[in-house]
Amino acid sequence: MSNTRTFFKTSLQMRMSFIFLLLLTIIVLVTLFFVQRATYKHSSAQLLSHIQTSASVVRDNFEGRASALDNGMITLAKDFSIKQLIATAGNDSQSLKSAMSNYQNRLDADIFWVLGRDFSPLASSSEPLENSSQIVPSFATPELHWFSFNNHFYLIRATPVRFVENSTQINAWVVMGINAETLFTQNLVELTNMQISLLSLEKNVLLGATPETPFVNDLMLSRIEASTGLHRVSLSSKNTIYSTIELGSWGENPVYIVLSTGEDDAYLSSESLIGQLFIILLSAATLGLLGATLLSREITKPLHQLIRAARRMRAGEFVETFPSANTLEVESLSSAFDEMQQGIRDREEQIHHLAYFDELTNIPNRIQFSNHIRDMLKQQPECQLTVLTLDVDRFKDINDTLGHDLGDDLLITIARRLSGYATKNGFCARLGGDEYALVSHQAAHGSPEEAAEQLIKVFEQPFKIENVVLDVDCSVGIALYPQHAQSLQGLMQCADIAMYSCKDQHNPFAVYNDALNKHSVVRLSLMSELKSALAEGQLELHYQPKLTIHSHKVETLECLIRWFHPEHGFVPPDDFIPLAEQTGSIRHVTQWALRTACAQLKKWREQDVYFTVAVNISAIDLVDLSLPDSIASLLVEFDLPPSALTMEVTESAVMSDPHNALRALNLLRNMGITLSIDDFGTGYSSMAQLKKMPVDELKIDKAFVLDLATNQDDRVMVKTLVSLAQNLGLTTVAEGVEDLATLEFLTEIGCTKAQGYYMTKALRADELIAWYQNFIRNGLT
């Protein structure tokens with residue numbers, strides 16, 4: 001009887017364990033089947049989404065490079081010096097090639113051509129283009145264009161050059177290209193986590209690719225399908241997953257971008273998840289079997305306890321407790337799916353953030369700003385927009401003085417304020433450097449001026465950066481859509497023109513108008529014509545005498561340049577001299593003035609008329625150490641003593657580069673040239689710097705002299721400056737003397753010389769001699 005109970009007990013345990021194990025095996029197999037199928041489908045969908053996102057990143061990257069190249073070439077095409085070099089390329093192609101090489105390096109281009117109006121080659125970084133007249137105009141369209149040259153492929157762009165901006169005539173073409181291989185950077189691979197290939201399926205040619213691309217020969221390329229979706233191809237006994245997307249054209253043939261990855265890598269997370277799930281289920285089965293055995297034992301154990309309890313009850317014993325049964329719950333947790341999905345989502349967000357947000361300030365960048373405007377115009381084609389571009393004034397000074405780290409902190413703080421302002425007033429972005437932009441509907445503001453004034457108020461409160469309090473100003477340019485431009489590029493260009501115009505005029509903001517653009521064209525036209533004006537004799541030297549007060553004699557003249565343009569008439573020096581200084585053309589102007597003055601001095605000396613002449617030199621001339629040699633050569637050529645020349649230089653020019661300026665001044669002083677500080681009192685030189693300057697004369701600016709007869713403050717200032725010069729052993733010249741009372745006061749305080757309309761205005765050489773002869777006979781009348 002005991003053996004029978006033992007067999008029954010063992011048989012019951014085995015049957016329960018077998019049934020439990022069979023059910024668990026079925027559950028495991030079914031679970032693995034459905035999980036594997038769902039995982040593969042889910043992984044494929046995620047892979048396709050990742051490829052599409054990566055393709056967008058690649059497209060934005062290439063279009064960004066093309067856009068940057070376009071913007072740089074547009075700036076190049078408007079550069080008056082480049083226009084001038086193109087116009088004179090027939091005589092001096094090397095200068096054009098050198099200038100283009102500089103722009104090539106600045107724009108990170110790998111090749112360039114400059115073609116004439118008839119597409120004839122003017123300058124290039126390599127061999128000339130073939131069939132340029134047929135292919136170059138197509139490169140100026142906004143699509144991505146790929147071009148084969150010398151066994152290399154290039155992302156190619158072309159921009160027309162017009163010598164007159166508003167003209168419809170194209171005078172030249174500038175073509176630049178970026179080597180396709182340089183576009184496939186390691187950063188791009190890291191962003192996409194894919195291998196990228198650029199190819200033409202019609203020509204079966206690989207244009208460029210990342211280093212580990214699987215498509216390396218014609219046989220592999222021929223197996224690629226030009227359709228959307230995921231494709232599998234077996235290459236070198238290894239399966240590769242890829243997808244193709246059209247990206248520009250090579251001539252008349254489309255070019256495709258192929259994003260690929262190994263199948264094992266693509267479904268690695270899926271296979272890993274299945275493996276982990278299998279291990280979990282196998283462990284669960286083992287534990288379940290063990291649990292079933294224990295459970296069967298626990299089932300029989302309470303039965304025996306109950307039998308013993310019943311026997312005790314039958315014996316009259318009191319049973320205080322009855323046996324209790326415990327149920328073990330098997331829990332299976334799987335969070336791998338959620339973790340994998342979250343990881344992919346995080347990566348997509350990171351890629352999007354890098355592509356469309358500024359890395360430093362974390363606000364939208366130029367690409368997102370442009371896309372935002374395009375979306376606004378697409379959603380509401382008839383809308384009216386206000387675009388404001390903003391540039392921080394004197395930001396370079398802040399960077400140079402306080403360091404780039406503090407400058408970056410300032411840019412971040414400005415971005416935060418602008419973002420807070422833009423929350424209710426539009427959409428803002430950082431375009432680059434210290435330049436920001438904001439776009440809003442015109443209806444959000446009463447007028448463009450009110451929009452600018454509201455934006456400027458953002459800068460009213462000082463910025464505190466690392467315990468440094470900064471008062472920051474900005475320049476705002478305003479352009480309206482569609483009043484000023486109907487395209488995104490034109491709208492941004494108009495806003496930039498307005499912004500830079502208000503910088504030039506020291507205004508806080510400016511609204512674009514056609515006159516601003518025309519003014520820029522006139523300025524460019526003047527600069528391109530300045531060199532020819534020198535050759536054609538449009539420039540003249542006029543001479544204004546300086547009266548030696550104590551002897552009442554005229555011994556020195558100041559040379560003043562006058563430009564009589566055949567079209568624009570008289571061009572004031574204040575209009576073209578600053579432009580000449582910006583471009584470096586001032587050297588040609590200075591050399592012309594020195595030669596003309598020396599030639600006139602020799603001519604007068606041959607007529608027994610002896611003057612010394614003062615010639616103004618700029619900051620650029622001052623730091624050009626070849627200037628002393630040029631002056632020495634002129635003195636020898638015209639047989640003049642060094643004392644016949646006086647060089648006038650402003651104190652601000654000296655202070656722009658004190659070390660080199662003082663070196664040049666010492667060279668001139670050692671030659672015997674008289675040196676004069678012009679416009680003294682309006683600059684920012686210190687007494688210590690003035691003491692170091694090897695000068696002979698101070699010219700008191702006319703701002704202190706014009707009202708000298710009636711303004712007591714000016715009298716005190718001029719008297720102080722004259723006293724300062726006397727204590728330093730320097731002579732003085734007062735500019736702007738226009739009446740006898742002023743001259744008498746200058747005589748009283750001991751000023752050395754006087755210059756101004758009271759004596760005479762600046763005269764031509766022949767007029768000056770006539771005036772001088774009358775002055776000798778009659779004095780000042």
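In which hand does helix 20 pass helix 22? Helix 20 passes helix 22 in a right-handed crossing, where right-handed means the near helix is turned clockwise from the far one by less than a right angle, and left-handed means anticlockwise. This is a predicted model, so local features need pLDDT of at least 70 and side-chain atom pairs count only at pLDDT 80 or more, while totals for chains, interfaces and linings use all residues. Residues are numbered from 1 along each chain as its sequence is written, and side-chain values use heavy atoms, with hydrogens and water left out.

**The overall picture**

- The protein has 26 helices and 26 strands; these are DSSP runs numbered from the N terminus, with helices being H or I of at least four residues and strands E of at least two.
- Some 45% of the 781 residues count as buried (buried is under 20% relative accessible area, exposed is over 50%, and partly exposed is in between, with a 1.4 Å probe and protein chains only).
- Take the contacts with a separation of 6 or more, and 63% of them come from residues 24 or more positions apart (a contact means heavy atoms within 4.5 Å).

**Helix 20 and its two partners**

- Helix 20 (residues 627–637) packs with helix 18 (residues 586–606) at an angle of about 25 degrees, the axes lying 10 Å apart (axes are lines fitted to C-alpha atoms, for helices over the stretch in contact, and angles run from 0 to 180 degrees between N-to-C directions).
- That angle makes helix 18 roughly parallel to helix 20 (angles under 35 degrees count as roughly parallel, over 145 as roughly antiparallel, 65 to 115 as roughly perpendicular and the rest as oblique).
- Helix 18 also passes helix 20 in a right-handed crossing.
- On the helix 18 side, Q591, L594, R595, C598 and K602 meet L627, S630, I631, L634 and E637 of helix 20.
- By class, this contact of helix 18 with helix 20 holds five nonpolar, two polar and three charged residues (Ala, Val, Leu, Ile, Met, Phe, Trp, Tyr, Cys and Pro are nonpolar, Asp, Glu, Lys and Arg are charged, and the others, Gly among them, are polar).
- With helix 22 (residues 658–671), the axis of helix 20 comes within 9 Å and the two cross at roughly 20 degrees.
- Helix 20 and helix 22 are therefore roughly parallel to each other.
- Here P628, I631 and A632 of helix 20 make the contact with L667, L668 and M671 of helix 22.
- The residues of the contact of helix 20 with helix 22 come out as six nonpolar, no polar and no charged.

**Helix 24 against helix 25**

- Helix 24 (residues 712–727) and helix 25 (residues 740–749) pack at about 40 degrees, with their axes 10 Å apart.
- That makes helix 24 oblique to helix 25.
- Their crossing is right-handed.
- R715, V718, K719, V722 and Q726 in helix 24 meet F745, L746 and I749 in helix 25.
- This contact of helix 24 with helix 25 divides into five nonpolar, one polar and two charged residues.

**Aromatic pairs**

- The count comes to 15 aromatic pairs (rings of Phe, Tyr and Trp, the last by its six-membered ring, pair if their centres lie within 6.5 Å; planes under 30 degrees apart are stacked, over 60 edge-to-face and the rest tilted).
- One of them is F459 with F463, a tilted pair with ring centres 5.8 Å apart and planes at 55 degrees.
- Both F459 and F463 are buried.
- F564 and F570 make a tilted pair too, at 5.6 Å centre to centre and 45 degrees between the planes.
- F564 counts as partly exposed at 32% relative accessibility, and F570 is partly exposed at 42%.
- W113, F139, F147 and F149 form one aromatic cluster.

- S676 sits in strand 23 (residues 674–680) and is buried, with a relative accessible area of 0%.
- Leaving aside residues up to four places away in sequence, S676 touches T646, M647, E648, V649, E697 and K699.
- T548 belongs to strand 18 (residues 539–548) and is buried at 4% relative accessible area.
- With residues up to four places away again not counted, T548 touches K553, E555, T752 and K753.
- D514 is in helix 16 (residues 514–535) and counts as exposed at 52% relative accessibility.
- D514 and C494 are 20 residues apart in sequence and 9.0 Å apart in space, C-alpha to C-alpha.
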